[in-house]
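Hi,

Here is the structure I promised to pass on to you. Have a look at it first, then read on for what turned up in it.

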Amino acid sequence: MKHRTYTCGLDAALDVLGGKWKPLILWELHADPLRFGELNRAVPGISERVLITQLRELEHTGLVHREPHPGVPPKVEYSLTDFGRSLMAAVLPLGEWGERNRERIEAIPRD
């Protein structure tokens, strides 16, 4: 298995956080653990297939914990690990900045 070398801390953080969906998934998990269906509803526009893939990657990087619960139907709950909570401590201020500047950002012309 290859190990990646990073040019700086931001490069390393963006590698585990990168993409459209991972930050939104982590954002939803920062307050409370969620079951798969709850998480799927909480992240509008994500397909089940993509959500499964992103959750596996987040679990692989150690940011998310997957807790299966026996039963019919089987239930799986996802939560942040300590490592994931430490990342969210850095990301939450970015989200707050986005909320404060949301109207201005939405007004930026796009192609």
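Let's start with the parts list: the chain has six helices and three strands. Keep in mind that this is a predicted model. If you walk along the sequence, the elements come in the pattern α-α-β-α-α-β-β-α-α.

Now for the sheet. The three strands form an open sheet in the order E1-E3-E2, and the pairing is antiparallel. Strand E1 (34-35) and strand E2 (64-69) sit at the edges, each pairing on one side only. E2 and strand E3 (residues 75-80) run antiparallel and are joined by six bridges. To find your way around there, look for Pro68, which stands opposite Val76 in E3.

Which helix lies across E1, E2 and E3? That's helix H2 (residues 22-29), and it runs at about 95° to E3.

Some figures for the whole chain:

- The C-alpha atoms fill a box of roughly 50 × 35 × 25 Å along the principal axes.
- The chain has 111 residues, and 25% of them count as buried.

Last up, charges. There are 15 positive and 16 negative side chains in the chain. The centres of those two sets lie 4 Å apart.

Cheers

Definitions and conventions. Residues numbered from 1 in each chain as written. Predicted model: local features only at pLDDT ≥ 70, side-chain atom pairs only at ≥ 80, totals over all residues. Heavy atoms only, no water. Pairing = 2+ DSSP bridges. Helix = DSSP H or I, 4+ residues; strand = E, 2+ residues; numbered from the N terminus. Contact = heavy atoms within 4.5 Å. Axes fitted to C-alpha atoms, helices over the stretch in contact; angles between N-to-C directions. Buried < 20%, exposed > 50% of the residue type's maximum accessible area, 1.4 Å probe, protein only. Lys, Arg positive; Asp, Glu negative; His and termini not counted. Charge placed at Lys NZ, Arg CZ, Asp CG, Glu CD.
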